Amino acid sequence: MTVTALELLPGTGPAPDLAAAGYREEEYLVRGVADEWGYDASGVAERRRRDVPYTTRVLVRRPADDDRFTGVLQVEPLHPEYDTALTWQVLHGWIVRTGGAWAGVTQDHRLAGWLRTEVDPARYGALSIPAPNLRYELVADVAEALRAAAGAARVYLSGWSMTGSFARVFLGDGFHRRRRRPTGAPVFDGYVLGISSGGAGTSGYPGLSDEWEVPADDPRRTIADHDVPVVELLSELESETHQPHLRPDSDRYRLYQVAGTSHDSLGPRVAGAAPIPIVERPSGARLDLIGRAVFARLDDWVRDGVPPPRADRFPYGDDHRPARDADGNVLGGVRPPWIDEPLGRYDPHSTPAVTEVTPSPWTPVADPALMAWLRGHLVPLEPSVLARRYPSAEDYLARYDARCRVLVEEGLLLREDTETLLATATAQFLECPRALP
């Protein structure tokens, strides 16, 4: 597994928002060789082919002033839906505030073909990922090359949804254990697996070959202890299927289940297609703001050995789904202010408002019902209940602000992000119907 060329493509430059933040964007073609992996007849990972040539693309966003770079590099396997950068969507505010860097790697063979033939044949004509399961070695190759080229001190792998499951397979099928730098240290210093349930069938553990699905009770679906910290960050939606794969926190593992969030609660999209419209009122929950604090705590853990806080888990009912309170909101877990001071019931699933959607290159058939099922919505409390609970907007916001400050003290919300939450709370309160005095 070797990167043989890191070629800067011409004409790359920062988007206006990146330039205003003092950041630059660079796009590279990366050529190398990697091993293709699959499973043997008993489901054990095995090499199928050695030294398969590949050419992929990498986007790098980093401070324009090299002296501002903190040495923290977030590496993201880009999502197979339009090469979406979900880690960047979640973390960009924290990254640019702190002087970190981010790299997104095209790792899906279908997206390499789409970029090559549909997006820009002149620019991406050389892209080639000739086998699906080169992806794990390929991303590790890029991370190792970028660590050396950028002088990164700490390199993290993170993904969300399918790319969160990419990280689960990377850990479960031994890539973290096998891939070592010349010093013997691992390629990645820590991991965050976002909105990926170990119990969600092939979505939760895509595995290394289509002909053999990893069984539902396979221990690889549950995160083991490794020699670096690993964090799982789940919304309510993934928690509905993750119960069989829960495990205790340890000195190298944390799980955070965030109440009142869904699979789509990642904040405003930086780029890409708009979310599918739903019948109900979108919830406005912000898992991304909790996520920024979780990444900051991970860096404290790796850099200084300061472990992050432990958090309550969701209790489960007899139906193996998270239990709920009298308002209909989930019990336990990380309690963001919109749950401790609720304006309504937060439901992790919704109903589509359209009957057709445009499929992405990765999804030949797009199902509106499935896509809406991943979106959360808010059902406001009855106006009389709201009026009794919150006599005025000032009262509501004071209580909401107090809960924000508790989360900051617990280390699960960054102080810089409280203003964003308070602005959201103000808008939601004013939009909710209330009983007239």
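Strand β11 is joined by 4 bridges to strand β12 (residues 377-380), and the two run antiparallel. Here, strands are DSSP runs of E with at least two residues, helices are runs of H or I with at least four, and both are numbered from the N terminus; two strands pair if DSSP finds at least two bridges between them. Arginine 345 stands opposite valine 379 in β12. Both strands belong to an open sheet of 3 strands, ordered β10-β12-β11 with antiparallel pairing. Its edge strands, each pairing on one side only, are β10 (281-282) and β11 (344-347). Strands of a sheet pair through backbone hydrogen bonds, either parallel or antiparallel.

The model is predicted: local features need pLDDT of at least 70 and side-chain atom pairs count only at pLDDT 80 or more, while totals for chains, interfaces and linings use all residues. Residues are numbered from 1 along each chain as its sequence is written, and side-chain values use heavy atoms, with hydrogens and water left out.

Stepping back to the whole protein, the secondary structure comes to 15 helices and 12 strands. The radius of gyration is 22 Å, which agrees with the value near 22 Å for a compact globule of 437 residues; this radius is taken over C-alpha atoms, and the globule rule is 2.2 Å times the number of residues to the power 0.38. Along the principal axes, the C-alpha trace spans about 70 × 50 × 50 Å. Of the 437 residues, 53% are buried, that is, under 20% relative accessible area (1.4 Å probe, protein chains only).

Key. Buried means under 20% relative accessible area, exposed over 50%, partly exposed in between (1.4 Å probe, protein chains only).
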